[in-house]
Amino acid sequence: MLRSARHVAVLTGAGISAESGIPTFRDAMTGWWARYRPEDLATPEAFLRDPDLVWRWYRERRLKLPDVEPNPGHYALARLARKVPQLTLITQNVDGLHARAGSPEVVELHGNLSRVKCFARHHPVADFPDTEAVPACPTCGSPLRPDVVWFGELLPEAALRRAQAAARECDLFLSVGTSNLVEPAASLPWVAAQRGAPVLVVNPSTHGQRTGPGVHHLTGPAGRVLPELLQAAWPE
Ligand code: OAD
């Protein structure tokens with residue numbers, strides 16, 4: 001399937017960064033949402049209710065990024081971009097690890113933890129005093145916030161359009177490390193499947209994963225399965 005694919009679309013979730021040491025959201029015990037309530041941290045209402053708490057949680061995650069490395073799963077997808085005629089890499093992750101692994105183009109559906117913007121007018125802010133307390137926007141004075149998508153917010157329009165176009169046009173869809181629970185990303189693999197494009201699901205768990213004709217599960221951690229998949233398709 002990989003060797004004959006013209007356009008491969010890949011959707012990744014927190015699972016591909018798990019082997020880099022970044023917690024997922026819904027893995028029992030270890031996921032972020034097992035220890036915090038999303039509505040307390042990842043919503044505009046949470047930010048308005050307690051901006052310092054939300055700012056601190058994202059700042060703690062942002063400051064850890066330099067110590068985190070891409071893993072073989074990220075590198076395998078960066079290699080895949082050089083093997084197939086067209087690859088659209090779509091991620092729900094905000095950790096920037098795909099770009100650091102060398103993926104030439106990444107469609108970031110949920111934003112990026114390393115970027116901030118102002119809450120009131122979404123002014124992009126290049127450099128900001130990375131203080132514990134929420135800094136103010138140099139342009140309009142409103143509090144700064146992470147440039148990530150919160151529950152209840154719209155996704156960046158251009159990114160979503162590119163992702164949906166890829167799901168409609170691809171002839172192979174890889175879903176890697178996602179619980180497939182959060183829309184509109186969750187529908188992307190099924191848009192491809194409905195058109196008859198095979199869907200390969202890379203995930204140690206099949207829990208909650210849709211099955212059916214044209215859906216193939218490669219059960220295991222992305223850091224092992226993706227390099228094996230590329231090695232099988234293009235033995236070196
Ligand atoms: P989840 O935490 O919901 O799902 C992580 C998935 O990765 C699960 O299906 C795990 O089985 C799988 N997984 C765990 N370890 C893995 C590994 N080594 N290799 C491959 N898969 C592995 O994370 P997402 O599906 O990314 O959004 O969550 C989607 C969105 O919900 C996130 O972008 C975030 C979250 O709330 C917002 O915060 C808006």
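Predicted model: local features only at pLDDT ≥ 70, side-chain atom pairs only at ≥ 80, totals over all residues.
**Exercise 1.** Describe the largest pocket by its volume and by the residues around its centre.

*Solution.* Start with the space: the volume of the largest pocket is about 1,200 Å³. Next, turn to the lining, which is made up of 50 residues. Those nearest the centre are Gly13, Ala14, Thr24, Phe25 and Arg26.

**Exercise 2.** Find which helices and strands supply at least two residues each to the lining of the largest pocket, and which gives the most.

*Solution.* Three helices meet the condition: H1 (15-18), H2 (32-35) and H5 (51-64). Strand E8 (199-203) meets it as well. Of the elements, H5 gives the most, with four residues.

**Exercise 3.** Sort the lining of the largest pocket by residue class and by domain.

*Solution.* By class, there are 25 nonpolar, 17 polar and eight charged residues. By domain, at least three residues come from domain 1 (7-21 + 70-110 + 155-233), and at least three from domain 2 (31-67 + 117-148).

**Exercise 4.** Describe the second largest pocket and explain why it lies between domain 1 and domain 2.

*Solution.* The second largest pocket holds about 190 Å³ of space. Its lining has 13 residues, and Lys117, Asp147, Val149, Leu154 and Pro156 are the closest to its centre. Strand E4 (111-118) and strand E6 (144-148) each give two or more residues to this lining. Sorted by class, the lining of the second largest pocket has six charged, five nonpolar and two polar residues. Finally, consider the domains: the second largest pocket lies between domain 1 and domain 2 because both give residues to its lining.

Methods: Residues numbered from 1 in each chain as written. Heavy atoms only, no water. 1 Å grid on protein atoms, 1.4 Å probe; cavity = no way out; pocket = protein on both sides within 12 Å on 5 of 7 lines; lining within 4 Å. Points joined across faces, edges and corners; volume = space filled by probe spheres on them. Nonpolar A, V, L, I, M, F, W, Y, C, P; charged D, E, K, R; others polar. Domains from an automatic or database assignment.
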